[in-house]
Structure formats: C-alpha cells, structure tokens
Number of protein chains: 2
Amino acid sequence: MSVRYGLLTLLRDHGPQSRARLADRLQVPRQRLLAELDRLVASGTVVEAGHPTSRGRRRSPCVQINPCLRFAAVDLDTRSVGVEITDGRLRVVASHQEHCDIRTGPVKVLGRVTQILHAMRAEGHFARLDAIGIGLPGPVSFREGVPVCPPIMPGWDRYPVRDVLADEHGCPVAVDNDVNVMTLGERHSGVARTVDDLIFVKIGSGIGCGVQIDGRVYRGAAGCAGDIGHIQVDADGPVCSCGNVGCLEAAFSQEALTRHAESAAGGDGSPLLAERLAANGSLTARDVADAAAAGDAVCIGLVRDGGRRVGQVLAGLVSFMNPSMIVIGGDVADLGHILLAELRSVVYQRSVPLATGDLPIVLSELRGRAGVVGAAVLASELAYGGAA
Amino acid sequence: MSVRYGLLTLLRDHGPQSRARLADRLQVPRQRLLAELDRLVASGTVVEAGHPTSRGRRRSPCVQINPCLRFAAVDLDTRSVGVEITDGRLRVVASHQEHCDIRTGPVKVLGRVTQILHAMRAEGHFARLDAIGIGLPGPVSFREGVPVCPPIMPGWDRYPVRDVLADEHGCPVAVDNDVNVMTLGERHSGVARTVDDLIFVKIGSGIGCGVQIDGRVYRGAAGCAGDIGHIQVDADGPVCSCGNVGCLEAAFSQEALTRHAESAAGGDGSPLLAERLAANGSLTARDVADAAAAGDAVCIGLVRDGGRRVGQVLAGLVSFMNPSMIVIGGDVADLGHILLAELRSVVYQRSVPLATGDLPIVLSELRGRAGVVGAAVLASELAYGGAA
C-alpha cells in the first residue's frame, strides 16, 4: 500500500486529522509522510483544515481532503440507472435515479448518463469530476474498461465504456461488474466493514458473487471470478439459457422465481398470488416475498427451495474458501429471513464445521444502495491510487 | 514484500549474483538494497562469492546464500515419512524415507523424525538447522503450529508440533497441512512455476486442495480453506465418514476406489482385478491404474466415474475462482490420463467459458516429491522472512 493511498483513504474514511495522528495511524517514517502530504497539498488534493482545539489547548493543524473534490458513481442495472455525486469523503452531494433499459444499447444508455451528469453540473453540484466509477450488470474486463460477452446486454460487447465516459467528462473512469461494485460498497460502509475475506452474493435477474480476499476485490485470471450462476445444482434440473442443465440460475433467480410463481398462481394453492396476477398481469419477486410473509404456503415453499439451492452452492464455496462472512444482496434478498434461514441451514449442515464456526451469513445492509455506494468507492480508489 | 525477503529468494532461486544485478531485478533504491545486503552479510546469511568474469573482464563481486545454511523438510503422510536436508538454495543434501504409521501418535512419530534428523547430523550433513518445514496429513492451525481435529490422526489434536520440534532442534519450525505444502512445492519447482492463482488438488486417502492467490498460500479465515473432500456430489450417494451424504471423498478417494475395485473383483467383469486380489489379498489404486492402462473396462469405468465426480466439484470452483491453473496430485493421480481426460471434459463443459479459455488442467510434475519439496520451501520462507 502506498503512503499516498494510505493517507487519502484515512482522510476519506475518518475526516480531517492532524499530521501527528496520521503519522501514528499509518506507521510510516514521519519524513516520508510529511513529504507525501506536501505533494498532496501542492496538487490541491488535500487542504489545511485549521487548528482543532482540545481542552482549550491549540493542537497541531489538521488536513483534510479538498472539499471541492467530486466523484460520480453510476449504478447501471438492467432496468434502472442510479447516479450519485459525492465529495472526496464519499458523502452524497446529489443523486438521481430513473428507469433505463440496458437493452437499448451503450450509446443510448451512456448518452443518458452523460445528460444526467451535465444536468447535475448545471445545478451546481460540481464544477468538474475527479473520477467516475460505474458498475455494469455483466462480465467486465476491469483492465480494459469494457464489458465482455455480457449475456443480457445486446450491443455492449467490448464497447469502450471507460474511454467514452473519460473523453466526455475529462476524468479517469473505472468500470467493473455490478457484483464487484456492490461488494466494495458493502465492505466500505455496509455490514462487511472491516471484513477481509468476503463473499457477497447478488440474487437478482441472475446470480453472481463478489469475492474480496485480504480486503481487495479478487477478480481471477480472466477477470470472471464469482460467476457462480451456472454451477450445477440439479443434474435433472431444467435447461438453462447457457445450454447446460440444472444451473443455479435456472433453479433460482428473479426470473425463475416469477415463472414458478405465475405457474403456481394458475393452480389452487395460492389465492394470494392468483389475486396479484389477476390485478397486475404478471408477478414479481416482491409479490412472492409479500405472500410468503403473509404465510402463503406455496410462496414459502418457493423461497425455501431457492434458499436450499443457493445454500447448496455456497456450502461448497465455504468449504473451499473459508470466508469470514457471506452477505446476501440483490432484489431477491427482499425475500429476507425465510430465504436466509433455509440457506444458512444448508451451509451450516453441509460445510466443513471449522469453516462455519464463526461464519456470519447476513443480508446486505445497504440493500438497493450497495451498487451506487460501491461505484463511489471504486471512483475514489482510482483517484487515490489504490487497486480496488 | 520486504527487501530482505526479495533478496534472499532471488539468491535462493537464481544462485550467486552481483549487487548490480540484484538491484536491477528488485527495483529498490540501491542504497536500501546495499544496506540490507550489508546486514545479511554481517549476520552470515549471505556471503561474498568472488568475482565472476565475463569475456575476460572482471565484473562486480557476487554474493550468495551462505553455503552452510541447512533446512530440514519433513513430509508426513498417513503411512510414511520423508525427510530431506537442503542447503539454502533448496538443493538436496541428504534424504531419507521410511514407513511410518501416523496413527501411532505424535510422540512416537515426531520422536522418530528427531532420530532421523540426529542420524543425518551424525553423518555430517549439517551442524545445525536454520529452519524446519513440516507437512501433516490433516487440518493445521498455521499460526499456532498445531493440528486441529485431524480426522485420521488419533492423539494429534492440538499437539504442539511446532514447539516440540523447535525445542528439540533449536531452530524455527513451520507446520502446515500436506496439501498447502505440496502446492508450495509444485509452485516453486514443479509444473506451476510462475503461476499466481492456482488450485492444487490432492487425491489420496482423502481429497483436499491447496489454493494460491497472488503467489501466496490462501488459508482462509479459520485456516481450513481448500477442504473440498466433503462437498456433495450426489444427493443420493453413500453416507460419508463425516456423517453427511454423497461427499466427494465418499464417491472417490483411494479408499472408495479400492472398495469399488474389490467389489468388482468379486464379479465376472474384471479378471485382472480378480487375479490381483487373489494374489495379494487386497487391491490398491495402483492395481486399478494398471488394469485400466491394460484396457480393463471395469477399471476404466471406475476411473472415469471418479474423474467425473472430481470434475463436477472443480467445475464449480473454476467458475467461482477463475484460477490460472489446476494441478492434480496425490497417489490417485497415478490413474493418469484417463482420470485427467474425464475430469477435464466435465470442467470444460460445465464451467463458465471465460474461465476455461486459457486454463491448463495438468498432473503434478513433482508427484510423490511435491510434499517434501514444499516442506523445504516452507522452511526457507520462514527463514527468509516471507509469508508462505
């Protein structure tokens, strides 16, 4: 870890501090620290923050991240886009969320992102951006800043997302897949604060996971680590969109769940689902969650079955990786504690006991905000010189 | 990575070198490098190695690891113990292998290890040891240097292996489980040289794997990462010794394989197995391997079925971790290319294509020596200040 990165992340996460305190916390020779701080002050990234007083005594002057620094965090989902502007400490300055269909292609979607950012600038939320972080709902080559064969994003394959946004906004841009970004968010300011070896599972339109090892995103040799949606859970299961049989995603995901729910609504078992289907013409994971919470046996069964399938895959991953925590996020995480209970029971029963002894399996704390919070962390890591 | 560790591993792996070349390779400021080298020379770890000549010109003097440095590498298996003495460059100075039943307990087994080491000293292979590395066939708390609930090692639970050997031999000792140690060996001087993200699968009396991430052993939160033997591969499979159903180890391991083979030898299908069983009273994985190589259909079927089961587990792990290489080692790896072919076919068919595009799945190059080579690497990492 460079001294520069250490300094900037301390100031990002803990606010203004004296040079003495920074030196204590970073444990680097005072001369090196002061030299690096001088460089950061000279470049305008860090500014003096005045003299704090303590019990009436004047203490050594504080420094802080320049309050004018601005990051843009962009969270692209298949059907929505969230944009937030933060300051250098990742405090939200402005935010915007709207419907957006990823299938309309990169030119249209990124064009809209740019319009939103221009509007935010016109409203005075920033003069210029210091970095942009963006999460995409598909595989991304982090090094190149492009999506790679994203299955549900027609037209996006190898589109130069990073370079297009960097040209347009004149600042560095980091692009990553949505799950890695959510993992960053949850670790920075969610339930996984201070957890170093982490699996974050997103259950939504698909299923994927983000992996953090030693506090850093682990991406794997080709950048596709965490792609667990197509692990087989049932050799006799349904054919998946990938062509294989019995994949986790085919057994349990937003799409699989609503399909099962719509089929159950046709029978006699679930008057609640039948009612919702009649009223809205289709069903969502939310409908299943509501019905399950209201005690609908069919829906409870659907959620349990899903939890069991996800648990089956996680049980193996826990034995293999022995993580410190598992976080469940994504839209289907709204299914909440019924899902969690089933999933936990499979993992605790099937994984190596040593690996589950101290293993919390918990729901995301940031929920729908994990992506946009993580995108801001991603932007700051890029600007501050860390390797996210 | 510390300068000290960088210097010593360069000298370990590439032999005597000039200060200029070391400075080039390590890319640290020349002053720091020279200061560290001076310290290493003063402590006797590094010595001058004379002036090399190049095209008749005298070049700057070389340094090398002190040729008197000695490491002991101990590879404990369930039924054998291997001990090697190496110099500081891990070149073998002496070696010894003998039968040894791990179930006779730590006092007896480690007592015998100590006798072997004393005999080697008496033969003049070393005056004193600089470090000992030892691999045990069960879960180990690396930090504490003790085995933790090892299933096939009665009497070993929390026995202070590290401290007992350190007291006896007056040198630092590192204890790890056999699979992590084999992984270290294979990465240092086997097929996985230069591979940073690696899974090494040991198929023997049990099944486990070693994981390297960024070139370092990944141990997990509780130190039990890689324990894949009890991942479920068949919900209707046999009951495993762990109490769960359909574990990988219950479906395929040395024990499961010989059990299947002995049962097949009773039928009409495999005259070759029947012959061996009649001759020896029991069968081994070697018998199955020989019969399969000779075209025995029953044995080929057994090996293929095993390869499919292991492949099933690895397919999921490949999607999850996206490693750069998978190495198959352990006694059952003698089943060789039939096993490998089946295993590869499942992984290549079932894993995410992006993760298998450049993924070699290969047999261990060091084979039976992976453990003892890795134990020497472990000892050197301890002595040179790396975190293995």
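In this predicted model, a salt bridge (a side-chain nitrogen of Lys or Arg within 4 Å of a carboxyl oxygen of Asp or Glu) joins the side chains of Arg276(A) and Asp287(A), at 2.4 Å from N to O. Arg276(A) belongs to helix α9 (residues 271-280) of chain A and Asp287(A) to helix α10 (residues 285-293) of chain A, so the pair ties together parts that are 11 residues apart in sequence. Helices (H or I, at least four residues) and strands (E, at least two) are DSSP runs, numbered from the N terminus. Over all chains, the whole structure has 42 salt bridges.

Residues are numbered from 1 along each chain as its sequence is written, and chains are lettered from A in the order in which they are written. Local features need pLDDT of at least 70, side-chain atom pairs count only at pLDDT 80 or more, and totals for chains, interfaces and linings use all residues, while side-chain values use heavy atoms, without hydrogens and water.

| Item | Value |
|---|---|
| Residues in contact (heavy atoms within 4.5 Å) | 36 of chain B, 36 of chain A |
| Buried area (accessible area, 1.4 Å probe, lost on being put together, summed over both) | about 3,000 Å², 59% from carbon and sulfur atoms |
| Salt bridges | zero |
| Residue pairs in polar contact | 20, both at pLDDT 80 or more |

A polar contact is a pair of N or O atoms within 3.5 Å; within protein, one must be able to donate a hydrogen and the other to accept it, and residues adjacent in sequence count only if both atoms are side-chain atoms. On the side of chain B that touches chain A, the elements giving two or more residues are β14, α11, α12 (336-350) and α13 (353-356) of chain B. The largest share, five residues, comes from α11(B).

The whole structure holds one cavity of 30 Å³ or more. On a 1 Å grid over the protein atoms alone, a cavity is a set of points where a 1.4 Å probe fits but cannot get out, and lining residues have an atom within 4 Å of a point. The largest cavity has about 60 Å³ of space, a volume being the space filled by probe spheres set on the points, which are joined across faces, edges and corners. Its lining includes Tyr218(A), Phe320(A), Tyr218(B) and Phe320(B).

Key. On a 1 Å grid over the protein atoms alone, a cavity is a set of points where a 1.4 Å probe fits but cannot get out, and a pocket is an open set with protein on both sides within 12 Å along at least five of seven lines; lining residues have an atom within 4 Å of a point. Buried area is the accessible area (1.4 Å probe) that two parts lose on being put together, summed over both.
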